[in-house]
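Please take a look at the model first, and then read on.

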Amino acid sequence: MPINPEDYTCEFCGKTCKNIIYAAFVCDDPECIEKARIARGGPGGHMKRKAEGKPIIPEDLEAVVEGKSE
Ligand SMILES: [Zn+2]
């Protein structure tokens with residue numbers, strides 16, 4: 001049985017669900033999508049992001065990572 005995302009609400013902000021990403025119901029807000037990615041983490045998450053042509057890590061996180069890597 002097909003799942004209709006709009007029958008669900010975003011796990012993070014409670015708006016109407018538009019996407020099922022990383023096995024999470026999320027709206028179309030990039031912030032919620034990012035939260036889903038972080039919440040699920042795991043192998044493959046970043047690869048999907050890369051496949052979509054998006055940065056693997058957000059700029060603010062990237063700065064934190066760079067700071068810690070020294
Ligand atoms: Zn949301």
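The report below covers the model and its confidence, the fold, the core, and a few residues ahead of the strands.

## Model and confidence

This is a predicted model, in which local features need a pLDDT of at least 70, side-chain atom pairs count only at pLDDT 80 or more, and totals for chains, interfaces and linings use all residues. Residues are numbered from 1 along each chain as its sequence is written.

The pLDDT (the predictor's confidence in each residue, from 0 to 100) averages 77 over the chain, and 63% of the residues score at least 70. Confidence is highest in β2, at 90, and lowest in helix α3 (residues 59–68), at a mean of 60.

## Fold

The chain holds 2 strands and 3 helices. Both kinds of element are DSSP runs numbered from the N terminus: helices are H or I with at least four residues, and strands are E with at least two. Along the sequence the pattern reads β-β-α-α-α.

Two residues are in contact if their C-beta atoms, placed from the backbone, lie within 7 Å. Of the contacts with a separation of 6 or more, 2% come from residues 24 or more positions apart.

Burial is counted from C-beta atoms placed from the backbone: a residue is buried if 20 or more others lie within 10 Å of its own, exposed if 12 or fewer, and partly exposed in between. By that count, buried residues make up 13% of the 70 residues in the chain.

## The nonpolar core

A nonpolar core is a set of buried Ala, Val, Leu, Ile, Met, Phe, Trp, Tyr and Cys residues joined through C-beta atoms within 7 Å. Which residues make up the largest nonpolar core? There are 8 residues in all: C10, C17, F25, V26, C27, C32, I33 and A36. The elements giving two or more residues to this core are β2 (24–26) and α1 (30–40). Helix α1 gives the most, with 3 residues.

In α1, the buried residues are C32, I33, A36 and R37. Seen down the axis of α1, the buried residues fall within an arc of 145°, so they line one face of the helix; the arc is that of the directions from the helix axis to the C-beta atoms.

## Around strand β1

I20 lies in strand β1. Is I20 buried or partly exposed? With 13 C-beta neighbours inside 10 Å, I20 counts as partly exposed. Residues up to four places away in sequence aside, I20 touches I3, P5 and F25.

N4 sits in the segment before β1 and counts as exposed, with 8 C-beta neighbours inside 10 Å. From C-alpha to C-alpha, N4 and I20 are 9.6 Å apart in space and 16 residues apart in sequence.

Beyond its neighbours within four places in sequence, C13 is in contact with C27, D29 and C32. For C13 and C32, which are 19 residues apart along the chain, the C-alpha atoms are separated by 7.3 Å.

D7 is found in the segment before β1 (19–21). D7 is exposed, with 9 other C-beta atoms within 10 Å. The C-alpha atoms of D7 and K18 are separated by 9.2 Å, and the two residues are 11 residues apart along the chain.
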